[in-house]
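This briefing concerns the sequence and structure shown below. Please keep both in view while reading the points that follow.

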Amino acid sequence: SMFSGSLDDGDITILSVPPDVVGYVQGQNGTVLRSIEEEWGTLMMFIDTDLSRAQRLVIFGDIRARRGSELKVLSAVETKTPGYFAAMRDDVINRDRYKDETGTWGTDYMTFRDEGEISYALGKQGG
């Protein structure tokens with residue numbers, strides 16, 4: 001891989017994005033990626049040129065910012081490819097576990113039972 005061994009100094013996440021949703025994730029002229037970067041303070045770019053297969057999205061930033069950006073991208077992918085996150089949930093949740101300065105970093109998740117719980121979690125402003 002292009003980013004292996006000595007190139008990974010702990011500030012990069014590489015996420016695979018299905019080819020049919022790359023455009024949706026990017027947004028027109030990259031607007032979606034830029035808004036996620038702005039929200040989380042990250043730098044993101046696709047690094048593959050073969051558009052017929054899954055594209056690797058690299059996310060640079062601190063551990064929390066990378067996870068926030070990653071989950072936002074995965075939410076967009078899930079919109080177009082339902083079930084994508086469930087298929088890779090364990091990889092995402094376990095990536096970077098305990099790899100912060102305090103050794104306590106982690107991500108948890110919960111499954112909502114119905115629309116009422118989702119609405120409550122999203123709050124008045126929605127998603």
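Which residues lie nearest the centre of the largest pocket? They are L71, K72, S75, F112 and L122, among the 27 residues that line this pocket.

The model is predicted: local features need pLDDT of at least 70 and side-chain atom pairs count only at pLDDT 80 or more, while totals for chains, interfaces and linings use all residues. Residues are numbered from 1 along each chain as its sequence is written, and side-chain values use heavy atoms, with hydrogens and water left out.

**Largest pocket**
- A pocket is an open set of points on a 1 Å grid over the protein atoms alone, where a 1.4 Å probe fits, with protein on both sides within 12 Å along at least five of seven lines; lining residues have an atom within 4 Å of a point.
- The space in the largest pocket is about 960 Å³, a volume being the space filled by probe spheres set on the points, which are joined across faces, edges and corners.
- Helix α3 provides the largest share of the lining, nine residues.

**Nonpolar core**
- The largest nonpolar core has 18 residues; such a core is a set of buried Ala, Val, Leu, Ile, Met, Phe, Trp, Tyr and Cys residues joined through side-chain atoms within 4.5 Å.
- V17, V25, L57 and V73 have the most contacts inside this core.
- α3 gives the most to this core, with four residues.
- Helices (H or I, at least four residues) and strands (E, at least two) are DSSP runs, numbered from the N terminus.
- V17 is in contact (heavy atoms within 4.5 Å) with residues including V25, F46, L57 and V73.

**Strands β2 and β3**
- Strand β2 (residues 43–46) has M44 and F46 on its covered face and L43 and M45 on its uncovered one.
- Strands β2 and β3 (residues 55–60) run antiparallel and are joined by four bridges; two strands pair if DSSP finds at least two bridges between them.
- M45 of this pairing stands opposite V58 in β3.

- Q55 lies in strand β3 and counts as buried because its relative accessibility is 2%, buried meaning under 20% relative accessible area, exposed over 50% and partly exposed in between (1.4 Å probe, protein chains only).
- The side chain of Q55 reaches the backbone oxygen of R53 at 2.8 Å.
- S16, in strand β1, is partly exposed, with a relative accessible area of 33%.
- S16 touches A54, Q55 and Y84, leaving aside residues up to four places away in sequence.
- The C-alpha atoms of S16 and V58 are 8.9 Å apart, although 42 residues separate them along the chain.

Key. Polar contact = N/O pair within 3.5 Å; in protein donor to acceptor, adjacent residues only side chain to side chain.
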